[in-house]
Amino acid sequence: MTPWSDWERNFETARAALAWQVEMGVDEAICDAPQNRYALPAKPAKPAAALAATAPVVEVTDPVVDARALAAAAQTLSELREVLAAYPHCDLRLGARNLVFCDGQEGARVMIVGEAPGREEDLQGKPFVGEAGQLLDRMFAAIAMGRAHPDPARALYITNILPWRPPQNRDPSADERAMMRPFVLRHIELANPDIVVLMGRISASTLLETSEGITRIRGQWREISGRPALPMLHPAYLLRTPAAKREAWADLLDLQAKLRTLP
Ligand code: URA
């Protein structure tokens, strides 16, 4: 074996030194010549007051506080849609094709609040237009109600907790639900229905602020914004669990009966 030349030895030493730096996390060479930072004179520390004076002013706003203020300022449903479209804190809007605000008739006696748009809803900009939405339409048609019904007593007004589709239809996060809650509560106030249907687990747990499961609380009348609210099983759940349609039917009949008792 021939001994290494000086050049080869220097090359291997330099390569080993470089490998060591990469191992230590060095990822950028800033100066042409190396500096021995241990030999540099220590910089005098800046007094805290001087630091504070030069720091950029970053306004920290709480998404939920902002949502409450913006929602309260909206005086009509179209103003609410506008403030929601301009709301900057929910990143879901960046990945969504459309804001899904509502469908059905303003002035309807029954307002349905679902979970979040899926693929079809995102494409069309309307809530409950996919497979689950078609089942929802059939369910309400069975008690002679529908989103296109011209009579407000038989019409539906429909929205969701989230107006933007979550990626891969994942569950809305706790933060997303908390920041959308003020908008949905204001939506209910402005739409002013006689009854709110909380369609599914996410809707019921967000608006009622409860951790009780939907199969436990479905069919139990609660209150939202001073009006009766009925948690029901989500049609997507009914598609997966057809045996539960019996409970959904009982809840629809209860809803129908409640409408008769209200002025
Ligand atoms: N599921 C919902 O909860 N809402 C929709 O708009 C569609 C499916």
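Tutor: What follows is a set of questions and answers on this model, which is a predicted one.

Student: Is proline 235 buried or exposed?

Tutor: Proline 235 is placed in helix α11, which covers residues 235-240, and it touches Phe128, Ala132, Leu135, Leu136, Met139 and Met199, leaving aside residues up to four places away in sequence. Its relative accessible area is 0%, and a residue counts as buried under 20%, so the word for proline 235 is buried.

Student: How far apart in space are proline 235 and aspartate 137, C-alpha to C-alpha?

Tutor: Along the sequence, 98 residues separate proline 235 from aspartate 137. In space, taken from C-alpha to C-alpha, the distance between the two is 9.7 Å.

Student: What relative accessibility does aspartate 122 have?

Tutor: Aspartate 122 lies in helix α6, residues 119-124, and among the residues it touches are Ala96, Arg97, Asn98 and Arg165. Aspartate 122 counts as buried because its relative accessibility falls under the cut-off of 20%, the value being 2%.

Student: Does glycine 219 count as buried, partly exposed or exposed, and what decides which?

Tutor: Glycine 219 is found in the loop between α10 (214-217) and β5 (222-224), where it touches Leu230, Pro231, Asp251 and Asp254, not counting residues up to four places away in sequence. Its relative accessibility is 21%. Since buried means under 20% and exposed means over 50%, glycine 219 counts as partly exposed.

Student: What distance separates the end C-alpha atoms of helix α8, and what span should its 18 residues have?

Tutor: Helix α8 runs over residues 174-191, and at 1.5 Å a residue its 18 residues should span 26 Å. The expected span takes one less than the number of residues, and the distance between the end C-alpha atoms agrees with it, at 25 Å.

Student: How much of the ligand's accessible area does the protein cover?

Tutor: The residues around the ligand are Gly114, Glu115, Ala116, Glu121, Pro127, Phe128, Asn160 and His234. A backbone N or O atom of glutamate 115 lies 2.7 Å from an oxygen atom of the ligand, while a backbone N or O atom of alanine 116 lies 3.2 Å from a nitrogen atom of the ligand. An N or O atom in the side chain of asparagine 160 is 2.8 Å from an oxygen atom of the ligand. Of the 240 Å² of accessible area that the ligand has on its own, the protein covers 91%.

Note on methods. Residues numbered from 1 in each chain as written. Predicted model: local features only at pLDDT ≥ 70, side-chain atom pairs only at ≥ 80, totals over all residues. Heavy atoms only, no water. Helix = DSSP H or I, 4+ residues; strand = E, 2+ residues; numbered from the N terminus. Buried < 20%, exposed > 50% of the residue type's maximum accessible area, 1.4 Å probe, protein only. Contact = heavy atoms within 4.5 Å. Near = heavy atom within 4 Å. Polar contact = N/O pair within 3.5 Å; in protein donor to acceptor, adjacent residues only side chain to side chain. Areas by Shrake-Rupley, 256 points an atom, 1.4 Å probe, with all protein chains shown as cover.
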